[in-house]
Amino acid sequence: MADGILVKDLNAWFGTLHVLRDIGLAIAPKAVTAIIGPSGCGKSTFIRCLNRMHEVVPSARVSGTVLVEGANLYAPGVDPVEVRRKIGMVFQRANPFPTMSAFDNVAAGLRLAGMRNRAVLNDAVERALTHAALWDEVKDRLDKPGSSLSGGQQQRLCIARALAVEPEVMLMDEPCSALDPIATAKIEELILELRKDLTIVIVTHNMQQAARVSEATGFFLLGELVEFGVTRELFTNPRDKRTEDYITGRFG
């Protein structure tokens with residue numbers, strides 16, 4: 001994915017509520033981009049627009065352009081299901097399918113796409129769990145429910161489930177907010193490893209986390225993108241007073 005993601009004039013609504021206003025930015029390929037800002041500023045809505053998850057909410061709509069490899073995800077005739085296969089998503093709370101085994105959780109997307117060959121599934125599941133730094137911890141209990149794993153393991157299981165269908169982009173919406181510091185550190189290590197192969201966009205309330213894992217950061221406020229740039233520069237020398245006020249804890 002040589003071109004990354006280019007967002008132009010992106011607006012989003014829930015009914016009459018205008019939640020994103022004229023967002024424009026370029027997300028670099030095979031790098032981590034962090035999205036920060038106070039609660040309710042549009043961060044999660046923004047990344048849900050990047051894989052057309054926003055429109056699954058009744059009354060939600062979007063205008064603007066999201067280009068991936070030069071192709072507009074919102075062009076007529078584009079299949080949103082195919083978009084979501086290429087652009088995977090991990091949510092704030094780990095959401096393994098509770099009645100499914102760890103193996104079946106990871107294989108779910110592949111089976112949905114029609115894969116039935118057990119040997120191919122076995123290989124794909126092992127590869128995804130290895131990629132998610134979870135294989136050694138669960139290889140002897142793949143038949144146990146995904147919900148029997150620890151919180152941090154469940155989140156990595158969900159990452160493995162997303163990785164199994166070989167996406168080009170991974171969206172992460174507060175993936176560590178429900179985890180303890182040790183599990184959080186493992187997820188951050190994983191993010192740094194995954195960026196060798198994937199474009200990653202992470203929403204986080206944790207500014208230290210954004211500083212640790214991302215190359216670029218966008219600061220959202222009241223549905224607008226206030227500032228976007230190199231993470232180190234944004235945190236040490238913000239151009240906008242509102243950014244400075246947020247990262248120094250004056251509000252948010």
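Predicted model: local features only at pLDDT ≥ 70, side-chain atom pairs only at ≥ 80, totals over all residues.
Me: How many of the residues of strand E9 are buried?
Reply: Strand E9 spans residues 216-221 and is mostly covered. On one side Ala-216, Gly-218 and Phe-220 are buried, and on the other Thr-217, Phe-219 and Leu-221 are buried. In a regular strand, side chains alternate between the two faces of the sheet. The count of buried residues in E9 is 6 of 6.

Me: Which residue in the turn between E9 and E10 has a positive phi?
Reply: E9 is joined to strand E10, residues 224-230, by 6 bridges, and the two run antiparallel. Leu-221 stands opposite Glu-224 in E10. The strands form a hairpin with 2 residues between them. The residue with a positive phi, about 50°, is Leu-222.

Me: Is Arg-232 buried or exposed?
Reply: Arg-232 is found in helix H9, residues 231-236. Its relative accessibility is 60%, and the cut-off for exposed is over 50%. Arg-232 therefore counts as exposed.

Me: What distance separates the C-alpha atoms of Arg-232 and Glu-215?
Reply: Arg-232 belongs to helix H9. Along the chain, Arg-232 and Glu-215 are 17 residues apart. Their C-alpha atoms are separated by 7.7 Å.

Notes
Residues numbered from 1 in each chain as written. Heavy atoms only, no water. Helix = DSSP H or I, 4+ residues; strand = E, 2+ residues; numbered from the N terminus. Buried < 20%, exposed > 50% of the residue type's maximum accessible area, 1.4 Å probe, protein only. Pairing = 2+ DSSP bridges.
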